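Hello,

Here is the structure I promised to pass on to you. Please have it open while you read, as my notes follow just below it.

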Amino acid sequence: MPEHSRNVLLHNANTLRLPCEAAALLPFDSTETLQTALKWVREEGLEPLVLGEGSNVVLPGKLERAVLRCCDTSITTLGQDRAAVILRVGAGRNWHSLVESCLDAGHYGLENLALIPGTVGAAPVQNIGAYGVELASFVECVHGVHLDSRQAETLSADACEFAYRDSIFKGELRDRFVTTHVDLRLLLQPNVERSYPALSQRLEHNVGDATPRAVFEAVVALRRERLPDPTREPNAGSFFKNPILPRAQVAKMRDAFPGLPVYPVDDATEKVSAAWLIDYCGFKGAERGPVRVSANHALVLINDGGAQQALLSLADEITETVKARFGCELEIEPRVYC
Ligand code: FAD
Ligand code: NAP
């Protein structure tokens, strides 16, 4: 019988600090221990659910599922040529600690993704991104176990169908695949990405020379200044995705609302600032009982002691108001479980 605990409280295991009791919790540290855990979960008649650090989930009071959690934090070098190194990283590794280790080892590329909460195993799920960089640029492949067959599988980067804050793990493989390792290809020579406006301004202002370490430090400083700290103001980062809309629809919105920030995506679509839409509707700083919208960041919902329903009611109020005023749908970014 695998190591497991029953009726586990997850209040301290999600960054929104939502009260939640799960039917069971099972750690795993390899493909084999995961398969053993999955066999037990099936015999118990439970549905499995893998969680990392709970920084992108909205949990219910009662979660009638067995929570799996990866404890493998290893980093292994698989190979190296003159330009790049391939690393295999355990899904349980804290993302920011990986970014720091890579920088110390002279393995470059992840600097802009510093201080994103969560684990390596969850990073491919929404193709984490920040300051002009996305995880997808560095993924060689993702290893894990398919929950239908309980067999080990490897998905190439193409098979992961990475897109803006999206991947196959949010689509066809949603809740069907548990990642055990991610293989990353990182650069041995620095090639910094500093075009994101807030980042380039910070680098010009404070540093001048844009080394990977300078980018890392600038990103860490920007995030500490701008984003509510979940340990003091429980949150799940951006609660809504920036909508990506057909150019014709964006042009109409801009005619009506000339201040609307818009960013190019491709020939057919543009990305609209969800924060601006929410702020325009007057929600910044709005309080609804135990939940509120951050006064500093309109995309961040903060939980001061409420449960799932209070948070989702506020999210509904925001999406309905934005829809009525701008005719555009906001999509919730974290994964909501019932
Ligand atoms: P969890 O919240 O535990 O899980 C999220 C989803 O991934 C769930 O559906 C879960 O089932 C699935 N999952 C977890 N582990 C695995 C696994 N091993 N195999 C398969 N599926 C798995 N995101 C960004 O993209 N950019 C940012 O800049 C950013 N900033 C943030 C700032 C704050 C303050 C917070 C709180 C969140 C932020 N996020 C950001 C969102 C979050 O950090 C990421 O989505 C992160 O990857 C979630 O990791 P986690 O381990 O906490 O996943
Ligand atoms: P910001 O710099 O104030 O920008 C606000 C929004 O405008 C961001 O959502 C960003 O889109 C978009 N944007 C700004 N300049 C852009 C450009 N040149 N090209 C394309 N899009 C541009 O953002 P912030 O809130 O302080 O966050 C900084 C970065 O961290 C962003 O990349 C953001 O996505 C990321 N972040 C993500 C989360 C999360 O939970 N997902 C939480 C906090 C921060 P993008 O979001 O597409 O970058």
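Predicted model: local features only at pLDDT ≥ 70, side-chain atom pairs only at ≥ 80, totals over all residues.

Ligand 1

Let me start with ligand 1, which is surrounded by 33 residues. Val 50, Gly 52, Ser 55, Thr 119 and Tyr 337 are the closest of these. If you sort the shell by class, you get 16 nonpolar, 13 polar and 4 charged residues.

The side chain of Tyr 337 places an N or O atom 2.7 Å from an oxygen atom of ligand 1. Gln 126 also uses its side chain, with an N or O atom 2.9 Å from a nitrogen atom of the ligand. Gly 54 takes part through its backbone, where an N or O atom lies 2.9 Å from an oxygen atom of ligand 1. On its own, ligand 1 would expose 990 Å², and the protein buries 93% of that area. As for secondary structure, β3 (47–50), β8, β12 and β13 are the elements that contribute two or more residues to this shell.

Ligand 2

Around ligand 2 there are 17 residues, and those that come nearest are Arg 165, Arg 226, Ser 238, Lys 271 and His 297. By class, this shell holds 7 nonpolar, 5 polar and 5 charged residues. At least two shell residues come from each of β8 (129–130), α4 (212–226) and β13 (235–238). If you are comparing the two sites, note that β8 and β13 are also named among the elements for ligand 1.

Which residues make polar contacts with an oxygen atom of ligand 2? His 297 has a polar side-chain atom 2.5 Å from such an oxygen. Ser 238 contributes a backbone N or O atom at 2.8 Å. Tyr 263 brings a polar side-chain atom to 3.4 Å from an oxygen atom of the ligand. Taken alone, ligand 2 exposes 790 Å², of which the protein buries 79%.

Strand β2 and its partners

Next, please look at strand β2, residues 21–28. The rest of the structure largely encloses this strand, because 6 of its 8 residues are buried. It has pairings with β1 and with β5. With strand β1 (residues 5–9), β2 pairs in the antiparallel sense over 4 bridges, and Arg 6 stands opposite Ala 24 in β2. With strand β5 (residues 62–70), the pairing is parallel and runs over 7 bridges. There, Leu 25 stands opposite Val 67 in β5. When you look along these strands, recall that side chains in a regular strand alternate between the two faces of the sheet.

Two buried loop residues

Ser 167 sits in the loop between β11 (152–156) and β12 (177–187). Is this serine buried or exposed? Ser 167 counts as buried because its relative accessibility is 4%, below the 20% cut-off. A polar atom of its side chain lies 3.1 Å from the backbone oxygen of Pro 124. Leaving aside residues up to four places away in sequence, Ser 167 touches Pro 124, Val 125, Cys 160, Glu 161 and Phe 162.

Leu 260 is in the loop between α5 (247–256) and β15 (262–264). Its relative accessible area is 0%, so Leu 260 is buried. Beyond residues up to four places away in sequence, Leu 260 touches Met 253, Arg 254, Val 272, Ser 273, Trp 276 and Leu 277.

Leu 115 lies in the loop between α2 (95–105) and β8 and is partly exposed, at a relative accessible area of 22%. Tyr 131 is found in the loop between β8 and β9 (133–134), and it counts as buried at 11% relative accessibility.

Happy browsing, and best wishes

Technical notes
Residues numbered from 1 in each chain as written. Chains lettered and ligands numbered in written order. Heavy atoms only, no water. Near = heavy atom within 4 Å. Polar contact = N/O pair within 3.5 Å; in protein donor to acceptor, adjacent residues only side chain to side chain. Areas by Shrake-Rupley, 256 points an atom, 1.4 Å probe, with all protein chains shown as cover. Nonpolar A, V, L, I, M, F, W, Y, C, P; charged D, E, K, R; others polar. Buried < 20%, exposed > 50% of the residue type's maximum accessible area, 1.4 Å probe, protein only. Contact = heavy atoms within 4.5 Å. Pairing = 2+ DSSP bridges.
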